[in-house]
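Good morning, colleagues. Please look at the sequence and the model on the screen, and I shall then go through its aromatic contacts, its strands, its core and one of its helices.

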Amino acid sequence: MDVRVIRYDHPDARKLDAEVQVEYAERYGDGDLTHMDAAHFDPPHGLYLIVYDTDGTPVASGGWRSQERSEEGYEDGDAEIKRMFVVRAARGRGLARRILAALEDSAREAGRVRMVLETGTEQPEAIALYTSSGYVPVTKFGFYRFEESSRCYAKLLTDTTDAPDTTDAPDAAGTTDLTDGLTGAPVSP
């Protein structure tokens with residue numbers, strides 16, 4: 001497995017985004033209408049990751065973007081998780097948990113205070129991932145804050161005592177390094 005920092009407008013990111021939109025439509029009747037811009041994920045104000053299988057196929061993605069206090073319910077210092085997705089054929093291999101840990105590390109290093117996310121009742125596996133990773137329900141925020149099926153979660157990034165340190169833990173292939181998707185150079189999360 002190879003985890004790369006990629007721009008959100010990269011063709012592989014667009015491919016995975018199209019797949020997740022199909023899944024959202026299957027589960028909710030429509031895709032995610034939240035405004036997204038590639039620049040939202042540019043470091044140091046965000047990060048977008050793609051996991052590539054050993055054959056070079058993109059199989060998972062996830063990103064975070066900075067948010068500040070707003071009428072949509074965000075707070076100063078928030079890092080919002082977006083587009084966490086693993087293709088069906090690659091599920092059950094710990095990829096989402098690996099991406100989540102890298103995103104948390106990156107947001108913490110960028111000085112973000114709290115990781116936040118919005119998911120929905122039709123994604124019980126996502127809810128299970130986040131709650132088992134220390135996320136707790138919070139007041140709804142964001143584009144879908146008035147939707148009945150919306151669920152919002154948060155985790156303080158300054159309190160890492162409840163989560164094991166997985167920064168040096170290898171995945172099944174023994175790889176933990178992130179690489180820049182354009183140059184192949186190593187990058188820190």
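Predicted model: local features only at pLDDT ≥ 70, side-chain atom pairs only at ≥ 80, totals over all residues.

Tyr8, Phe41 and Tyr48 form one aromatic cluster; rings of Phe, Tyr and Trp (its six-membered ring) are taken to pair if their centres lie within 6.5 Å, with planes under 30 degrees apart counted as stacked, over 60 as edge-to-face and the rest as tilted. Residues are numbered from 1 along each chain as its sequence is written, and side-chain values use heavy atoms, with hydrogens and water left out.

The structure holds six aromatic pairs. One of them joins Tyr8 and Tyr48 edge-to-face, at 5.2 Å centre to centre and with 75 degrees between the planes. Tyr8 sits in the loop between S1 and H1 and Tyr48 in strand S2, 40 residues apart; helices (H or I, at least four residues) and strands (E, at least two) are DSSP runs numbered from the N terminus. Tyr8 and Tyr48 are both buried, that is, under 20% relative accessible area, where exposed means over 50% and partly exposed lies in between (1.4 Å probe, protein chains only). A tilted pair is formed by Tyr74 and Phe141, at 5.2 Å centre to centre and 50 degrees between the planes. Tyr74 lies in the loop between S3 and S4 and Phe141 in the loop between strands S6 and S7, so this pair ties together parts 67 residues apart in sequence. Tyr74 and Phe141 are buried as well.

I turn to the strand that carries Tyr48. Why is S2 described as largely enclosed by the rest of the structure? Because seven of its seven residues are buried. Gly46, Tyr48, Ile50 and Tyr52 point one way from S2, whereas Leu47, Leu49 and Val51 point the other way. S2 runs antiparallel to S1, with four bridges between them; strands pair if DSSP finds at least two bridges between them. Asp2 has Tyr52 as its bridge partner in S2. S2 is also antiparallel to S3, through seven bridges, and Gly46 stands opposite Arg65 in S3. Five residues separate S2 and S3 in a hairpin, and Gly56 in the turn has a positive phi of about 90 degrees.

Next, the core. Which residues touch the most other members of the largest nonpolar core? They are Met115 and Tyr130, in a core of 43 residues; such a core is a set of buried Ala, Val, Leu, Ile, Met, Phe, Trp, Tyr and Cys residues joined through side-chain atoms within 4.5 Å. Elements giving two or more residues to this core include S1, H1, S2, H2 and S5. Apart from it lies another core, of five residues, among them Tyr74 and Val116.

Finally, helix H2, residues 95-109. Its 15 residues should span 21 Å at 1.5 Å a residue, and its end C-alpha atoms are 21 Å apart, which agrees; the expected span is 1.5 Å times one less than the number of residues. H2 is mostly covered, with eleven of its 15 residues buried, including Arg98, Glu104 and Asp105. Just after H2, Gly111 adopts a positive phi of about 90 degrees.
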